[in-house]
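Please keep the sequence and the structure in view while reading.

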Amino acid sequence: LSATITGFTVSQSNTYRLFDIICFLGTEKSLRIVIFLLIHTTTNMLRIDKFLSNIGRGTRQEIAVMCKKGLIKCNNQIIKNSSSKINWGDVISMQIDDEVREVEAKEFVSIMLYKPKGYVCSDVEDGGHPSYNELLQDCPYWLTLHVAGRLDFDTTGMVIATNDGDFNHRIISPKHKLVKSYLVSCEKEVT
């Protein structure tokens, strides 16, 4: 299995494997958002409270209380101890009020996102302009994602948001010589 994503080759011989490709039309602004997920092939286990707090589902203390109340499940089994270990690929479900929210535990997530005009490529609002991460709030990992590179606030185009620092570095570092293409439209003729 191998794939080329914007000039970056991913294969099973690398430390990554292509896990899932999901395309959907998103948000009220009719943005086209394409998501691809990469997971690292390690088998490290981590605590369920650390994982859920890292993706913004609550503080570790709040997760501990929810576990004691039986509101958190891992692969449909109730978790009573917040220090219980989970594996990448486990499905975690949380009951919040009358709603059940599920998330699959993924170590690394990368998202190709169409950034419209008027959004900045920083994690916080800048000068009154909204951040790109406002477009990602339906993704359970949005708090952990950072843009690889950047586009100006008045520029539109595809950006990659990832929580994988090594992948991010390979995309933006000049030493990796990744070819990037830009299509520019000008209001006036360039002289």
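The largest nonpolar core of this predicted model has 31 residues, and F51, L52, I72, I86 and I92 have the most contacts inside it. A nonpolar core is a set of buried Ala, Val, Leu, Ile, Met, Phe, Trp, Tyr and Cys residues joined through side-chain atoms within 4.5 Å. Buried means under 20% relative accessible area, exposed over 50%, and partly exposed in between (1.4 Å probe, protein chains only). At least two residues of this core come from each of helix 1 (48-54), helix 2 (60-68), strand 6 (72-74), strand 9 (91-96), strand 11 (110-115) and strand 13 (157-162). Helices (H or I, at least four residues) and strands (E, at least two) are DSSP runs, numbered from the N terminus. A second, separate core of six residues includes A148, I160, I171 and L178.

Strand 13 is largely enclosed by the rest of the structure, because five of its six residues are buried. Its pairings are listed below; two strands pair if DSSP finds at least two bridges between them.

| Partner of strand 13 | Sense and bridges | Residues standing opposite |
|---|---|---|
| Strand 11 | antiparallel, six bridges | Y114 and M158 |

The whole structure has zero disulfides (pairs of cysteine sulfur atoms within 2.5 Å).

Local features need pLDDT of at least 70 and side-chain atom pairs count only at pLDDT 80 or more, while totals for chains, interfaces and linings use all residues. Residues are numbered from 1 along each chain as its sequence is written, and side-chain values use heavy atoms, leaving out hydrogens and water.
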